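Grab a pencil and work through these exercises with the structure open beside you. Try each task before you read its solution.

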Amino acid sequence: MISTLSGKLIEKQPPQIVIDVNGVGYEVDVSMQTFYNLPALNETVQLYTQLVVREDAHLLFGFATASERATFRQLVKVSGIGAKTALGILSAMNAGELAQAVAEEDVKRLSSAPGIGKKTAERMVLELRGKLVSEHISDGLFAPSSSVDETDDIVSTLLALGYNEREAEAAAKGIPRGTDVGEGVRLALKNLLK
């Protein structure tokens, strides 16, 4: 699995970009939220990624933060929402706005996203309640010297293990910055057992 990409941004054609990583160009589809925060061409960019394997293609999707990627992963689990539709939803609203709309059961706001009707919006509310990360996109991720925030990965891992967002964020709170993700998850699980 390709988890992150870091390299030179060599093409920008919404919603697709190309990142040169040591001489290999990766085509990546990104949400418009991520696209608008990209640096200029030939600058260094770092994205969280999700590889989607279909019968006819291998598609790589890129995200500004781990929370945006985690939201994408939750969206594609909803019946009737594929990868392209999930990307469209994340283009219409950021991960925090989506989490808020689901929490408030705002079917009207959810159905304003491209490709989402009232029934799909209602299904989203039912299936995503308590599963979405409510962090916003961080512009700092695009700085050349920035590093991936391990806390986002720790929280995403805890969410994948079945903990709700509140529990995951509370468990990851006291973990020192720069802690390895594996060690951070171990410490967070220890915190949950207290």
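Helices here are DSSP runs of H or I with at least four residues, strands are runs of E with at least two, and both are numbered from the N terminus. The model is predicted, so local features need pLDDT of at least 70, side-chain atom pairs count only at pLDDT 80 or more, and totals for chains, interfaces and linings use all residues. Residues are numbered from 1 along each chain as its sequence is written, and side-chain values use heavy atoms, with hydrogens and water left out.

**Exercise 1. Work out how α2 and α3 are arranged.**

Step 1: Two packed helices are described by the angle between their axes and the distance between the axes. Axes are lines fitted to C-alpha atoms, for helices over the stretch in contact, and angles run from 0 to 180 degrees between N-to-C directions.

Step 2: The axes of α2 (residues 66–75) and α3 (residues 83–92) come within 9 Å and cross at roughly 135°.

Step 3: Name the angle: under 35 degrees is roughly parallel, over 145 roughly antiparallel, 65 to 115 roughly perpendicular, and the rest oblique. The two helices, α2 and α3, are therefore oblique to each other.

Step 4: List who meets whom, with contact meaning heavy atoms within 4.5 Å. From α2 come E68, T71, F72 and L75; from α3 come A83, A86, L87, I89 and L90. Sorted by type, the residues of this contact are seven nonpolar, one polar and one charged.

**Exercise 2. Why is α2 described as largely enclosed?**

Step 1: Look for the buried residues of α2: A66, S67, E68, R69, A70, T71, F72, Q74 and L75.

Step 2: Nine of the ten residues of α2 are buried, so the rest of the structure largely encloses this helix.

**Exercise 3. Is L98 buried or exposed, and which residues does L98 touch?**

Step 1: Find L98 in helix α4 (residues 95–103).

Step 2: L98 has a relative accessible area of 0%, so L98 is buried.

Step 3: Leaving out residues up to four places away in sequence, L98 touches T71, L75, I89, L90, M93, L110, M124 and L132.

Step 4: Pick out L132, which sits 34 residues from L98 along the chain; their C-alpha atoms are separated by 8.1 Å.

Conventions: Nonpolar A, V, L, I, M, F, W, Y, C, P; charged D, E, K, R; others polar. Buried < 20%, exposed > 50% of the residue type's maximum accessible area, 1.4 Å probe, protein only.
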